[in-house]
Every structure is written in structure tokens, then in C-alpha cells.
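Hi there,

Here is the structure I promised to hand over. Have a look at it first, and then read on for what turned up in it.

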Amino acid sequence: MLEKITQLKEELESVSVSALEQVEELRIKYISKKGLLNQLFADFKNVPADQKKAVGQAINELKEFALQKINELKESFENADQQAGSDDLTMPAEPMRPGTRHPLSIVRNEIIEIFARLGFTVAEGPEIEDDWHVFSALNFPPEHPARDMQDTFFIQKNPDVLLRTHTSSVQVRVMEKTQPPIRAIFPGRVFRNEAISARAHCIFHQIEGLYVDENVSFADLKQTLLYFSRELFGEKTQIRLRPSYFPFTEPSAEMDVSCSICGGKGCNVCKYTGWLEILGCGMVDPNVLDLCGIDSKKYTGFAFGMGIERIAMLKFGIKDIRHFFENDVRFLRQFESAY
Ligand code: 2NL
């Protein structure tokens with residue numbers, strides 16, 4: 001019996017196969033239910049008692065060896081299958097698919113570049129703010145509804161630690177530490193305690209602008225915004241200003257651009273008015289200049305603010321603001337060639 005086992009092992013050691021089917025044949029011959037190994041185990045009961053130990057050990061070793069050998073042969077075929085064809089080193093590589101710029105970044109960068117051509121620099125500041133920089137220095141009266149918990153996110157129930165609701169807080173910081181001329185824009189993320197819908201989100205992005213110097217006039221504001229609108233939406237774009245109200249500007253206005261989809265004729269995007277509202281603006285209230293350490297008798301200024309999401313939605317025809325925050329690559333990849 002021992003001789004037979006040794007013989008089987010030698011046979012297995014020297015076996016050579018050229019196809020996966022032959023490995024399967026080996027498996028059936030050695031380790032299937034009716035295979036040689038199970039026959040050996042069946043014959044084992046006829047082995048004389050004094051040989052049982054040595055024969056038992058030999059059969060177990062043969063079994064281990066057979067299992068291992070057959071697995072190795074099988075794997076070598078599977079790997080060869082996978083490698084077939086890929087060892088041609090002259091084959092071109094799989095193309096890389098780089099990430100794409102977020103649509104909000106594309107629009108923000110475009111706006112920054114337009115204002116850079118007019119000499120505006122970029123300033124940034126903290127998202128977590130205090131009451132002074134978000135409200136008080138901007139002429140918000142103590143009982144103004146924007147200060148309410150309903151609209152503003154306060155942190156740790158401390159009324160003096162809050163998330164900024166507009167980037168004007170950065171303008172306050174710049175005015176506090178710089179004397180005019182000041183000519184800058186302020187992009188950033190802002191937070192409002194609002195119900196999320198297709199049109200509103202509690203986190204969104206703004207760009208505000210500020211120009212303070214001697215003799216800055218409403219005419220300067222109008223011409224700056226006309227130039228900006230034509231650069232962003234095309235040279236045929238018209239603008240119109242409607243009177244409005246903000247605590248921090250006087251006078252204040254809202255600006256519409258002629259609808260870039262229908263050219264002003266009326267369509268469902270502009271709700272058949274021919275106009276799209278894109279920003280708010282005005283002359284900086286003299287109170288705000290004084291509160292920020294700038295002499296309102298010597299200097300005047302204009303300011304404006306717009307939501308980046310709204311402009312991106314108009315530019316790209318995006319119907320739901322929530323797309324910007326879901327980071328679904330099927331959405332994001334559509335802007336690959338937009339910049
Ligand atoms: C809007 C309107 C506006 C400003 C923002 C501003 C900032 C300072 C002083 C005066 Cl520090 N004004 N910013 C002015 C008018 C309008 O934003 O609808 N934004 C989305």
C-alpha cells in the first residue's frame with residue numbers, strides 16, 4: 001500500500017497539463033468522490049494494525065499534496081487567461097479621466113476674471129462670524145428680522161457666534177483695516193436657516209463687490225454692472241435697475257439683465273417678461289462707511305451682491321439648486337468643457 005501511495009505521488013509530481021480541462025480530469029481522478037484518494041481511504045481498514053500509523057500519514061500527505069497541486073495548476077491557467085494580450089507593451093494606455101471643475105467654481109472664476117479686468121482684487125474672510133461684522137456694522141437695526149433664529153444659524157446658543165448670512169462681513173473687515181481707494185470682490189459660502197427646495201438651499205455662494213473712493217457715483221455703479229453683464233451674458237445684453245431696499249445701501253436697486261435665452265422676447269425661463277433678476281446693489285450707506293472707520297464726508301462707494309447658484313442655473317439651464325450639492329458625477333461631468 002505504501003508503495004502505491006509513493007507511486008501516485010510521483011505521478012502527480014511529474015504530471016504536465018496543457019489545458020484547463022486536463023486539470024479538471026486530474027481533479028476527478030484524484031480527489032472526487034470516487035477518486036483514488038477516497039479508494040485509498042476505503043482500503044485503509046484492511047491495513048494491518050502495526051502499519052496503520054505510517055499508511056494513514058502517507059495518505060493524508062498525498063491528499064494535501066494533490067489538493068495543492070491541482071489548485072496551483074488551476075490558478076496558473078486562470079492567471080494566464082487574464083494576462084493574455086496585455087503583455088503587448090506597445091499597446092496605448094487606458095485613457096485617464098481627470099476630475100472636472102465644479103459648475104459653481106467655473107462661474108465664480110469667470111466673474112472674478114471679469115472684475116479683475118476692471119482692477120478689482122479678491123478678498124476672503126471667515127465663515128463663522130460675530131454680530132458686528134454680519135449685522136451691526138452694516139446698519140441692521142437691533143430688531144431686524146434677519147437677526148432672528150428663523151433666518152440665521154447661531155452656534156452654541158451664543159448670540160455672538162453665527163454663520164455669516166452674506167459675504168458683506170468680509171467687506172466690513174476690509175474697510176476696517178484699509179483706507180480708500182478700495183476696489184475688491186468677495187466670493188464665498190454663506191448660510192441661511194431656510195427650508196431646502198428646488199430654488200433655495202441653506203448653504204449657497206455669493207459674490208459681493210465694493211468700490212470706495214472719492215467721487216464714486218451711481219453712474220460708476222451702472223457702467224460697471226453693464227460691462228459685467230455684457231461680459232458674462234453676451235454683448236447684446238441690456239440691463240435695467242429697479243428701486244429696492246437694503247439696510248446697508250442708500251439708494252438701493254435690483255438689477256435685471258435681458259433674458260439671454262430668448263433675447264428679451266419672452267420665454268418660460270424669464271416667465272415671459274424678457275428680464276432676469278441677477279443682483280442687488282446700491283450706494284454704500286454713509287452710516288456703514290462711518291461704522292467701518294471710513295470718513296463718509298470724504299468718500300462714497302457702491303456695492304453689489306449676487307448669488308452664484310442663480311447665475312450658474314441661468315447660464316447652464318439647471319432646474320434644481322440641489323444638484324450643486326449632491327456631487328453626482330453624472331451631473332458634474334456635464335461641465336467638462338465649460339471652461
Ligand atoms: C443681493 C444683494 C447686496 C451689498 C450686497 C454691501 C456690502 C457692504 C456695504 C454695502 Cl459692506 N453693501 N453689499 C449691497 C447691495 C446688495 O446684495 O441680493 N445679494 C444676493
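This is a predicted model: local features need pLDDT of at least 70, side-chain atom pairs count only at pLDDT 80 or more; totals for chains, interfaces and linings use all residues.

Residues are numbered from 1 along each chain as its sequence is written, and side-chain values use heavy atoms, with hydrogens and water left out.

The domains

The domain assignment gives domain 1 (2-86) and domain 2 (103-335); such bounds come from an automatic or database domain assignment. The C-alpha centres of the two domains lie 78 Å apart.

Helix H10 and its neighbours

Helices (H or I, at least four residues) and strands (E, at least two) are DSSP runs, numbered from the N terminus. Helix H10 covers residues 308-316, and its axis comes within 9 Å of the axis of H5, crossing at roughly 100°. Axes here are lines fitted to C-alpha atoms, for helices over the stretch in contact, and angles run from 0 to 180 degrees between N-to-C directions. H5 and H10 are therefore roughly perpendicular to each other (under 35 degrees counts as roughly parallel, over 145 as roughly antiparallel, 65 to 115 as roughly perpendicular and the rest as oblique).

The buried residues of H10 (under 20% relative accessible area; exposed is over 50%, partly exposed in between, with a 1.4 Å probe and protein chains only) include Ile311, Ala312 and Met313. The partners that the buried residues of H10 pack against include H5, E6 and helix H8 (218-233).

Aromatic rings

A search of the whole structure finds 13 aromatic pairs. Rings of Phe, Tyr and Trp (its six-membered ring) pair if their centres lie within 6.5 Å; planes under 30 degrees apart count as stacked, over 60 as edge-to-face and the rest as tilted. Phe120 and Tyr211 make an edge-to-face pair, 6.3 Å centre to centre with 65° between the planes. Phe120 lies in the loop between helix H5 and strand E1, and Tyr211 in strand E6, so the pair ties together parts that are 91 residues apart in sequence. Both Phe120 and Tyr211 are buried.

Phe331 and Phe335 also form an edge-to-face pair, at 5.1 Å centre to centre and 70° between the planes. Phe331 is buried at 10% relative accessible area, and Phe335 is buried at 6%.

Around helices H1 and H2

The axes of H1 (residues 2-13) and H2 come within 13 Å and cross at roughly 170°, which makes H1 roughly antiparallel to H2. Leu8, Glu11 and Leu12 in H1 meet Leu26, Lys29 and Tyr30 in H2.

Where is Ser32? Ser32 lies in the loop between H2 (20-31) and helix H3 (36-43), and counts as buried at 16% relative accessibility. The C-alpha atoms of Ser32 and Phe248 are separated by 87 Å.

Enjoy exploring it!

Best wishes

Note on methods: Contact means heavy atoms within 4.5 Å.
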